[in-house]
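I opened the model to look up helix packing, surface patches and charge pairs. My notes follow the structure.

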Amino acid sequence: MSQAHDHGKEITPGTAHEPATGGDHPHFDMHLGLYLGVGGFLLVATAVTVWLSYVDFDKMFGGHGWNIIIAMIVATVKVGFVGAIFMHLKGEKKLVWQFLYFTLFFVAGLFLLTLLNYSDPIFGTSHAHH
Amino acid sequence: MQIPHEVTARPDTGLYNAKLGIWLFLASEVMLFGGLFSAYIFLRMGAEDGYWPHGLLNVPVGAGNTAILIASSVTVVLAWASLKMRKFSQYKLWMGISILCGALFLIVKLAYEWPQKFEHFGAFIKKDAIEHYEKYLGNHHLKEKGLPPRVEISGHLHEVEIAADPAEKEKLEVFLKQHDLEAKPDEHDAKLQIVCSEKKDKDGKREGIRPGVAEDLEKVPGVKLIAFELGLDPINAAPDNPESDKPHFLYKGPTETPGKIERKDVEFYSSFAPKHSSYFAVYFTITGLHGLHVLAGVLIMLYFWLPIEGGANMFKRNPEHLANRVEVVGLFWHFVDLVWIFVFPIFYLL
């Protein structure tokens with residue numbers, strides 16, 4: 001492989017091999033508050049999820065399944081923060097995002113398949129084992 | 001062999017190799033859990049009215065476990081930031097807390113939540129016998145309110161009543177002894193009518209009979225199960241009470257209110273094990289796989305925390321490499337947290 005030139009080289013702190021971000025104290029001190037803030041937001045959002053699940057949105061809006069939709073929206077917002085901040089997707093390299101687009105495309109396809117259940121329902125799944 | 005680009009970015013990808021690797025792995029994990037979540041959707045959409053249970057899980061415990069995972073996600077990112085700032089003792093502290101949080105999550109699941117389920121008894125009533133159990137099910141009341149019917153009676157199984165063929169008496173006695181069951185024979189009956197329950201306490205106090213033991217008892221030759229006697233769950237103890245209409249935040253276990261169900265009226269009974277229902281099947285599958293991920297995360301974090309080669313000892317030799325390792329396990333750990341953010345509402349709340 002063309003990357004073989006790295007082989008066997010001992011990399012010590014403070015050498016030219018260390019990326020500029022290493023040891024960049026002020027940069028990370030700034031982020032500590034952000035990490036704690038996102039953690040706090042996630043805890044509050046969990047409490048909100050629990051609270052919302054006891055509100056009867058179907059009665060409020062009519063129809064059914066509103067509680068599921070609303071809970072999934074809250075969960076998606078939470079996951080967005082975990083991804084963007086904790087997993088540093090905000091400002092992450094293009095290649096990682098390309099992986100994600102690819103994955104999202106296929107997982108969306110997978111979930112769209114479940115919509116087929118509306119046109120061709122599978123009944124009796126509650127007791128299929130009997 | 002040394003893996004290239006463990007510290008520096010590979011020019012063509014712009015990433016150090018382990019980061020590329022973990023993201024590819026997480027992409028495959030999304031598909032793995034995605035498949036299971038779509039199975040959940042199919043099972044739930046296909047479940048008949050009343051067959052998708054609500055309120056069987058303990059919401060405060062689940063919410064507490066969610067908080068534990070979120071806290072550990074914060075601490076693992078702080079552990080990584082500490083390494084980036086070259087503050088070793090801070091790293092040890094934050095990583096140590098992350099490991100403890102992961103372990104605590106597993107303890108709550110394995111020592112508290114799951115075992116409770118395996119002790120809990122549930123019996124689905126045959127459609128033609130439902131009316132007969134109105135006093136436990138309260139379906140008239142539910143119909144008036146436009147709520148889905150109840151089809152299951154659940155609680156803590158205290159005793160089972162059996163009829164035993166005297167000719168096969170020995171096999172039954174062996175079984176009773178093996179399982180430490182106490183039998184109270186009804187002397188007046190020509191057939192051997194017995195009430196069985198399990199001795200569990202040291203004081204000889206009877207603690208009821210586990211649903212799994214009742215299932216095995218029914219398989220003993222010559223044994224015919226006649227009835228179940230249980231301490232009813234609150235919902236079956238007061239089915240017409242509007243309080244029982246919807247699940248509550250605070251979970252209440254089985255009451256001492258006695259209930260009796262004839263075996264002939266039962267379509268299917270079991271503990272709250274995977275075979276109980278599609279709900280518990282998919283619950284145990286997804287939370288079980290998630291639990292394995294938590295276990296893996298704890299072990300890997302422990303490896304990077306311990307003062308060993310490849311672990312915390314790397315700090316002196318190559319701190320940036322250790323930081324990258326911690327970043328990679330952190331990415332995995334955040335993914336595990338992210339899965340739980342969906343698991344918690346779909347099983348505990350909705």
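I am working with a predicted model, where local features need pLDDT of at least 70 and side-chain atom pairs count only at pLDDT 80 or more, while totals for chains, interfaces and linings use all residues. Residues are numbered from 1 along each chain as written, chains are lettered from A and ligands numbered from 1 in written order, and side-chain values use heavy atoms, without hydrogens and water.

**Between the chains.** I took helices as DSSP runs (H or I, at least four residues), numbered from the N terminus. Axes are lines fitted to C-alpha atoms over the stretch in contact, with angles from 0 to 180 degrees between N-to-C directions. The axes of H4 (94-119) of chain A and H1 (17-46) of chain B come within 10 Å and cross at roughly 10°. That makes H4(A) roughly parallel to H1(B) (under 35 degrees; over 145 is roughly antiparallel, 65 to 115 roughly perpendicular, the rest oblique). I sorted this contact by class: 20 nonpolar, 7 polar and no charged residues. Nonpolar means Ala, Val, Leu, Ile, Met, Phe, Trp, Tyr, Cys and Pro; charged means Asp, Glu, Lys and Arg; the others, Gly among them, are polar.

**Within chain B.** I looked up H3 (88-119) and H9 (278-305) of chain B next. Their axes come within 10 Å and cross at roughly 155°, so H3(B) and H9(B) are roughly antiparallel. Their crossing is left-handed (the near helix is turned anticlockwise from the far one by less than a right angle; clockwise is right-handed). The contact of H3(B) with H9(B) holds 18 nonpolar, 7 polar and 4 charged residues.

I then checked charge pairs. Glu113(B) and Lys109(B) form a salt bridge, at 2.7 Å from N to O (a side-chain nitrogen of Lys or Arg within 4 Å of a carboxyl oxygen of Asp or Glu). Glu113(B) and Lys109(B) sit 4 residues apart in helix H3 of chain B, so about one helical turn separates them.

**Patch on chain A.** Which residues make the nonpolar surface patch of about 730 Å²? I find Phe41(A), Met60(A), Phe61(A), Trp66(A), Ile69(A), Ile73(A), Val77(A) and Phe81(A). Patch residues have over 30% relative accessible area and no salt bridge; nonpolar side chains are joined within 5 Å, like charges within 9 Å. Areas are Shrake-Rupley with a 1.4 Å probe, and for residues only the protein chains shown count as cover. H3(A) gives the largest share, 5 residues.

Note on methods:
Helices (H or I, at least four residues) and strands (E, at least two) are DSSP runs, numbered from the N terminus.
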